[in-house]
There are 2 protein chains.
Amino acid sequence: MTTMKDIAKVLGLNESTVSRALNNHPYVRPETREQVMEAARRMNYRPNTLARSLATSRSYVVGLVISNIANLFFAEVTKGIEGVADAHGYSVILCDTGRNAAKELKYLDLLARRQVDGIIFMSGRLPADVVAAIKQQRCPVVTVSRDGTRYGIPTVRINNRAEAAKATRYLINLGHRRIGFISGQLDDAESGLPRLEGYRAALEESGIGFDPDIVQEGDFRMESGMRACARIMQSPPRPTAIFAANDEMAIGAMKTLSQLGFKVPADVAVIGFDDTAFATVVTPPLTTVAQPLRMLGTSAMEMLLKLMAGHRLADIETVLECQLVVRASCGGTGL
Amino acid sequence: MTTMKDIAKVLGLNESTVSRALNNHPYVRPETREQVMEAARRMNYRPNTLARSLATSRSYVVGLVISNIANLFFAEVTKGIEGVADAHGYSVILCDTGRNAAKELKYLDLLARRQVDGIIFMSGRLPADVVAAIKQQRCPVVTVSRDGTRYGIPTVRINNRAEAAKATRYLINLGHRRIGFISGQLDDAESGLPRLEGYRAALEESGIGFDPDIVQEGDFRMESGMRACARIMQSPPRPTAIFAANDEMAIGAMKTLSQLGFKVPADVAVIGFDDTAFATVVTPPLTTVAQPLRMLGTSAMEMLLKLMAGHRLADIETVLECQLVVRASCGGTGL
DNA sequence: GCGCGGCTTGCAAGCGCTTGCAGACTATGC
DNA sequence: GCATAGTCTGCAAGCGCTTGCAAGCCGCGC
């Protein structure tokens, strides 16, 4: 490998001059710079980022701590992050935790050793020890779709409560009065519980009673949606619509409905949440509230860039709007 | 940040002794080691990986160059890679190319600057300039699901031709004689063309003629599967089965079939390829040849580990078996 | 003709860690 | 009691790059 020293030697210059030429420092004679550039090209020089980082204490690496990269939801967000990171000269180290708090801690430590300039954290429920580990990092950390804000950690998220209410209102406007709800885990304070609250709030604002028989707890996976739907459908009067707290459970519900002989949307309307790629694949295509997944990633990375640049954030929290994507699973288009 | 020098100073030792104690070098007096360990703990010492890497010229980082992380196929493989990488102390830098050759080159260069110890390459079609860039890397590179072998690049892959024949034979054994085929891009020498060849070979070994009217080229995306299926179904005699070169196109075909009023599998059987999460989500669940996605990743990383350790590979190519996963989209279970 | 300020370059120290070499010290065997 | 072979530790150089400081150079204005 050719180093700056090699170039310097060849040109009879000092290493520091070569460095300045390469980093277009102002005070370098144009001809000198050209010589250096030319030699670098000719000798196939590649700066050693490690050495540079050691000297400058900037690594231009960020860590991404994530629950599960094989999950479409996280994968989309990751795509957004990687895109803007790269556009700004940052590389991203991928840390897949499997939602395991011990691994989260381990990765946080690892990233610190690797001298990353920033961390995007999108895994698990932020237990106390993880929060502590995050706060004592010497580099900025931003969480996405977590309730980091309550611990003073910059966060980008959506308003789960409001968006769930939006979806529920859509069904109500379509004329539905008896609407089943399949929730996520209710001990999940970020997206599990708030979506239920939004559902409930929308019902109440329309004077529709809340019937616990037709809200069932799931775990965000398809099978749980199937089971929940089965339970919901056996609570007369029969619901005419089902709102599931994510797409996979909505799809599970659709499966169960079809097994029970119900047509979607003719007999019962189904609406999901997230708008991952699953929504378009299923038949009928799923109406769902679309999380701006990609943008969740880009916003988080942009936030992190600001922090790494030493700026204070105008607002510690960025809340992104979702959009209701109307496909076929609820029939009409409503208002 | 506390450094080795700090620890050394506190204990009245030399930095080098501290280093040896921390790296459990044999010749360190047990009490000394214990002192050092204790001080390190107390002072909250975290080794600076950058500095270590610079000194040892081992970064314990690998680069992953990938077409699109938001694609389930790649995301699964990535999960496999990250898992074994982490288990062996390696971190992975994620490089999403969007199948853009210029970006592939850019990332290859970037990774070299970052002094990665190895690269897993899983993007694009390996044009000449990319191959050249790969070969002149100073670190080992392995490709996955690419025809790197022809350029002497270690590769892990499946036997697309044989697996496609397997799927076709399954349909034949089910009694189908007129089987439509939706291919990927035929200029894709890795998975596009070979799957068509396998289809054709299986037909011919059963004495079934190859009818170009019922093989249509798609692009591995759902919409192309829909269009291709429409064309296929209007070539009498009407096919009783359709084999799509991946799951997304198979799902597209199922959509079209249902629009045309055909029942799957009663009227026409559908089989896919890959077994991404889509296959289970769709109704009826898709019978498909399951690529060992996770294992593609783990094998690739294991191969890379061997290479990075300086071992010669027994075989430059690892070929993994697929498994036919029978769900409902082809009806019966066949032989 | 002299001083001053702005360019341009070199010198050297430093980022935090590793490692070959050598010296000191200990235990062992004869 | 001494040589020898191990143990243990320190010294110093080095990984490849950056950067503050100083020195040399130039042209300019007075």
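In this predicted model, the C-alpha centres of domain 2 of chain A and domain 3 of chain A lie 30 Å apart. The assignment, whose bounds come from an automatic or database source, divides chain A into domain 1 (4-47), domain 2 (59-158 + 294-321) and domain 3 (160-291). Residues are numbered from 1 along each chain as its sequence is written, and side-chain values use heavy atoms, with hydrogens and water left out. Local features need pLDDT of at least 70, and side-chain atom pairs count only at pLDDT 80 or more, while totals for chains, interfaces and linings use all residues.

Consider now how domain 2 and domain 3 of chain A meet. Here 12 residues of domain 2 are in contact with 15 residues of domain 3, contact being heavy atoms within 4.5 Å. The two domains bury about 1,000 Å² between them, 52% of it on carbon and sulfur atoms; buried area is the accessible area (1.4 Å probe) that two parts lose on being put together, summed over both. Leu72(A), Arg125(A) and Ile158(A) supply 54% of the area that domain 2 buries against domain 3, more than any other three residues.

Charged groups also take part. Three salt bridges are counted between domain 2 and domain 3 of chain A, a salt bridge being a side-chain nitrogen of Lys or Arg within 4 Å of a carboxyl oxygen of Asp or Glu. The side chains of Lys166(A) and Glu321(A) form a salt bridge at 3.8 Å, N to O.

Definitions and conventions: Chains lettered and ligands numbered in written order.
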